[in-house]
Structure formats: C-alpha cells, structure tokens
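Let's take a walk through this structure together, one stop at a time. Keep the 3D view open as you read.

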Amino acid sequence: AWVHGDPRKVIYPTDSYGQFCGQKDTANENKTILFYFNILKCASPVVLINLQCPTTQLCVSKCPDRFATYIDVQASYRYKPDQWNYFRQFCKPGFNNPRKSVAQVLRDEDCPSMIIPSRPFLKRCFPDFSTKNGVLTVANQTTFRDGRGKTRNVTDLREAANGINNVLDARSVGVKIFEDYAISWYWILIGLFIAMIESLLFLVLLRFTAGVLFWIFIFGVIGIIGYGIWHCYWEYDHLKGIPGSDLTVYDIGFQTDFRVYLQLRQTWLAFMILLCIVEVIIILMLIFLRNRIRIAIALLKEGSRAIGYIMSTLFYPIVTFILIAICISYWAVTAVFLATSGEPVYKVMANQTLCKYANLTCDPETFNTTNVTKLCPGAQCTFAFYGGESLYHKYIFIFQLANAFVFLWLVNFAIALGQCTLAGAFASYYWASRKPADIPLWPLFSSFGRAIRYHTGSLAFGALILAIVQLIRVILEYLDHKLKGTQNSFTRFLLCCLKCCFWCLEKFLKFINRNAYIMIAIYGKNFCTSAKEAFFLLMRNVVRVAVLDKVTDFLLFLGKILVAGGVGVLAFFFFTQRIPIFAQEAPMLNYYWVPLLTVIIGSYLVAHGFFSVYAMCVDTLFLCFCEDLERNDGSTAKPYFMSASLHRILGKKELSPKKA
C-alpha cells in the first residue's frame, strides 16, 4: 500500500485529465478549485451510476463571480477584451481563439457555454445560492441563460447541486460550533477535571457506601412495586359496579386507543398479579441469595480499598488509550494508501443513453482520433476513478480486509495487555499476607513488565481468537448491506441468525478472555490452560458470579450517571449564566449545548475509564477469592488470604479446617 498508494488523491480534487488541483510543482499548483463546465449535467442519472459528473472538469484558481455566456463574450471580444480575458481562465489551458465558431468550441468543449456566480465548497465550485423573500436566487437572479439559446430557472441549478445549500448551512453551523469550542475549551477541561475528582471520590466512598447504596436501591424497588400493587388493587376496586368495566379484553378486541383497556377491571387485575409475581421473586432471591449478595458487596468494598493502595492503576487507561490511538492511526493511514493505490481510469461519458461506447474505458490521448466522437456526439473521455487490472488491484478488497483484521487484532491485544497488567497488580494486593506491608513495590509497573516479558504470546493468542470472530461479524454486516433489497426471507433469516450467534460468541469470548488474562497474571500459565481453569472455577461459583456481576454493574452504572449528571447540571447552570458568582466569567456562546454536551459525554467517558479499572479490580479479587476458598481451609497451615470482612461473612463453618 505504501509503495503504490498516493493520499493526494483524497486530499486534492482531480480534473478530467487525472491531474490534481493545487498540487505543488505542477501547472495546477495555484489552481486549487475544481470547476464544472456544465453543472446542469450533474443532475443526470449517469452521476449516480458512475459517481462522476459527465462534463469537463477543470482546475481553476477561483470560482466565477458573474453570469456570462460564451456566445456573448465571443461577440464582444474585440471591443471588450477584459470580458474575454476573464472568461478565458475557465477554458481549457492554452485556448485563446475567440474566432473559433461557437458550435466547434462547444463540441470540443474548449470553453464552458456559460459561467455562473459560484463559491468554493470542498474545493469545488458550486452555485452561490441565496434566498430572497422565500425565493431561491443566484446573485439576486431567478433565471439565467445557459449559452445554448435557452433561459433556465435557478431551480435547475439547485437540482444539479442537490443538497449543497443545506450542506453550506451546515458549514455555517460548523463554524459557529468551532467558535464555541475556541472560547470555552478551558472551561470544558475544568469540567472534565471535576468529573475526574468526582469519579475518584465515588470510588473511595464505595468502600463505605457500597452496601448502603445497594440496599437502598433494592428496598426502593420493593417499595415501588408494592405501591404499584396497591394502586392496581385500588383501580380494580374503584371500577367495581361501573357499567362496562366487567368486560374482558377478548370482548372488546384490539383497540388503537390503549386507554380503553384501562377502563377494564381485568386489566388492573392482570397488572396486580404480574407485579405480585415480580415482588415475590425479588423477595425470595433476597432471602436465598442474601449471603452471596453480602459477599459481592464486601468484594466491592475490598476493590475500593485495593485501588486506594495502588492509585497508579487509575491512570493506566491512558496507556491503553494511547495504544489504541496508535492502532487506529496505523489502520486509517494504511486504508487510505490502499484506497488510493490505483492508476487513473478514464471512461467514455456520453449524454446519449443509447451510445454503445458509454461507460467503456478509454485513452484521453488517442480519444479524439477514434470514431466514438462521431458515433456519439458530445462524448468525452474523462477521468472516472483510480483502479487497475493488475493482480494487485484485483485483490485490494482482500488487502483491506487483511488490514481490518490486523487492526482488530492489535486493538484486542492492547486491551488484553491492559487487563493482564491490572489483574497482576490487584492479584499482588490480594495474595499479600499483610496488607499493605507485603504489597510489592511498584506493583503496576512490575505487572506490566511481566505481561510484556512472559505473556505476550498468550495475550496475542487470545486477541487473535476474538479478532477472527469480530472479522466474521464485519463480513456478515458487509454481506447484509450488499444483499439488502435483493435477499429473500430465508436469506434474511439466515443472516440474522448468523449475526446473532456470532454476537453471542463474541460476548462469551470477551468474558472468557478477561478471566483467562486474570489467571495468566496470577499463575503465569498459557492461554488455553488459564482459560480452562478460569471457566471451570467460575462454573463452580456460577451463582456468585451472577450476583457479583449484577451488583457491580448496578453500582458502576449509578456512579457513571451521578458523575455525568452532576457535572452536566453544573455545566448547564454555568454556561447559561445562572450562577450569579460566575455569571461574568461564563463565555458568550452561539450554542450553549455545544460545550454542555461535550462536558457530559466527556465526563461519562472519564468515569467509564476510572470505573473500568474498578470493574477489573473486582473481577480479579473475585477470582482470587474463589481460588483462595479452594486452595486454603483457614487453618494455621493453610490460612485464608481474604480480608477480615470476608472472613466474617463466610462464617465459622466455612472457615473450619477441611477434613482429610
């Protein structure tokens, strides 16, 4: 890709001769904008087929700023040479023969038949649209002459440049958004710093409030469902004796107005029964799983304590972010080089749909000597795209897939490296006999060194398996996109099933890989052995896994909402100047929601980065806890490594020495 690719094909627009506009050290160095000879032809269906406008395209230094036709300019070139000199800059380079007949000029496309006031957008000249009293105009005119004897309406230009006006309006909005960022960026950074502090405080407070928050939520849910049961009973009793309320849902059939069903006693009875079932299930789960819930909460508190001793782990996500950014950059640059590694391909562009040479490849140097121009008047040999017929060009799509696969592999490896590093640091905390005295010095850096030196192959193998599944999912999405509209019901069903199956497989592999990396960090065994041991260890504690997973998910989700919501509310009052103390400091913005949304989304990502470390800590401590229970029995010879709080929760029976 790097040998054959040329990113200039993306950066610069290309004229009809395959030359770049604005390229240094060429004749087009000062001609940075692409000009269409007849933009009206861009409304042709050929554009949709070939993705190329069937008219001559020329590099110019600036877009035209006035209406003019070649007929008028030719007729007056003797006594108005300035008009000819201005018009000539939009003709083919070197053309300076105003005495050539109009018919021949238009046939050979030496010059455009007309020019219209335009402005550059995406380095291309588009009509300078404006709206006056609700009427679309160009340079305050609603009509123009097309240089071929016809008077056209400006709406024809609008159809040719469909959607350009909306895009230009979007560009105006984009400029305002950029201005808002320019004057509020430091306040956004302050908001993100506050989010970081709030995330740290939440993780520290979890040591003391994890149990309280969870039980408040559980009893709150029980209370809300209890109120729902009472309300359903009240509605059921209130409708007693009202005419029509004793009808069944079957009697009234399907109704688009769902409020009709709320007038039936049967509806409220069904709601009440459903809520009673949910209430009973929750209460029974609390009764039978109360001990496991206490263990989960104790592990959450232990995770907060572990992070307090190894604070450097909170900033490791920055390393993962940098590695992933490098992977994305490598993939993007290689993809661009691959996409631009073709040779210029020229095709016959004909206005006549019956021309048999239309859309065939051609050679611009010999095109005028062929019979194509005679059989298809007005046909041109114009640049179409970059490609080729060599073996390399035929397999560029395969190379793009290979590039995507390498990208997925590298990204998964970077994530695996982070998980293994954090797992090693937190495992060193758990297996320390006396905490924190026996925790190794610089546990995070030591764990990172071990992962790089001893476990690179295992991490790469786990990332490889996951990358293969993800690549298959990408291919399935590509096939679904390509076959959309042409596939039958069975094909759609098959693709849907395959996509669902591979989505589930990816989730399962992520779960297995995550726990395999923890076992690798603890014991240093290879990937397959670690994955097998982690899987069977988790299966022997499957109920604990489920409880811990849900309790952790809830608390971390609550933390993310609190951080993002708290900082978002503060940012809203600040940017809308509703805080009297800082009213003078708040910047004047075009759209206050620009920095507000940035702060909210950024705060959520900051919280996610910190809490991902916490989730990895809890998962590591849980595996260590399960392994501790199986390896040790609490005796003097085999003491537990768990904390005192977990000792108390397990009780004397589980702590008694195991019988031989």
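Before the first stop, a word on terms: helices here are DSSP runs of H or I with at least four residues, and strands are runs of E with at least two, both numbered from the N terminus. Keep in mind, too, that this is a predicted model.

With that in hand, look at the stretches that the UniProt record marks. An unreviewed entry there places the feature "transmembrane region" at residues 185-205, 212-230, 268-289, 309-333, 406-431, 452-476, 554-575 and 596-616. What do two of these spans look like in the model? Residues 268-289 are 95% helix and 0% strand, and the end C-alpha atoms of that span lie 31 Å apart. Residues 185-205 come out as 100% helix and 0% strand, with 30 Å between the end C-alpha atoms.

Now for the cysteines. A disulfide is a covalent bond between the sulfur atoms of two cysteines. How many disulfides does the count come to? The answer is three, taking a disulfide as a pair of cysteine sulfur atoms within 2.5 Å.

Start with C21 and C59, which are joined with an S to S distance of 2.0 Å. This pair ties together distant parts of the chain: C21 sits in the loop between α1 (8-11) and β1 (33-36), while C59 belongs to strand β2 (residues 57-60), 38 residues apart. The torsion about their S-S bond is about -80°, so this disulfide is left-handed. Both C21 and C59 are buried.

Move on to C63 and C125, another joined pair, with 2.1 Å from S to S. Here C63 is in the loop between β2 and β3 (68-69), and C125 is in strand β6 (residues 124-127); they are 62 residues apart, so to speak bridging distant parts of the chain. The link of C63 and C125 is left-handed, with -95° about the S-S bond. Once again, both partners, C63 and C125, are buried.

The remaining pair is C91 and C111, with an S to S distance of 1.9 Å. Left-handed or right-handed: which is the link of C91 and C111? It is right-handed, with 110° about the S-S bond. C91 lies in the loop between α4 (81-88) and α5 (102-108), and C111 in the loop between α5 and β4 (114-115), 20 residues apart. Are these two buried or exposed? Buried means under 20% relative accessible area. C91 has 3%, so C91 is buried, and C111, at 2%, counts as buried too. As for C626, that residue is in no disulfide: the nearest cysteine sulfur, that of C624, is 9.4 Å away. At 1% relative accessibility, C626 also counts as buried.

Next, the open spaces. The largest pocket holds about 1,700 Å³ of space. Its lining takes in 48 residues, with Q419, R514, H608, S612 and V613 nearest the centre. Which elements give two or more residues to this lining? They are α11 (316-339), α14 (396-430), α16 (456-483), α17 (489-523), α19 (542-575) and α20 (593-631). The largest share, 14 residues, comes from α20. Sorted by class, the lining of the largest pocket has 29 nonpolar, 12 polar and seven charged residues.

The second largest pocket has a volume of about 500 Å³. It is lined by 18 residues, and K92, D108, F367, N368 and A379 lie nearest its centre. Domain 1 (7-149) and domain 3 (343-387) each give at least three residues to this lining. Among elements, α5, α12 (372-375) and β12 (380-387) each supply at least two, and the largest share, three residues, is that of β12. By class, the lining of the second largest pocket has five nonpolar, seven polar and six charged residues.

The structure holds four cavities of 30 Å³ or more. The largest cavity has a volume of about 100 Å³, and 13 residues line it, with F35, Y36, I39, I116 and S118 nearest the centre. The lining of the largest cavity has 11 nonpolar, two polar and no charged residues. The second largest cavity holds about 60 Å³ of space. Of its 10 lining residues, F37, N38, E109, S113 and R148 are closest to the centre.

Terms used:
Residues numbered from 1 in each chain as written. Predicted model: local features only at pLDDT ≥ 70, side-chain atom pairs only at ≥ 80, totals over all residues. Heavy atoms only, no water. Buried < 20%, exposed > 50% of the residue type's maximum accessible area, 1.4 Å probe, protein only. 1 Å grid on protein atoms, 1.4 Å probe; cavity = no way out; pocket = protein on both sides within 12 Å on 5 of 7 lines; lining within 4 Å. Points joined across faces, edges and corners; volume = space filled by probe spheres on them. Nonpolar A, V, L, I, M, F, W, Y, C, P; charged D, E, K, R; others polar. Domains from an automatic or database assignment. UniProt positions renumbered as here; feature names shortened; annotations may be inferred.
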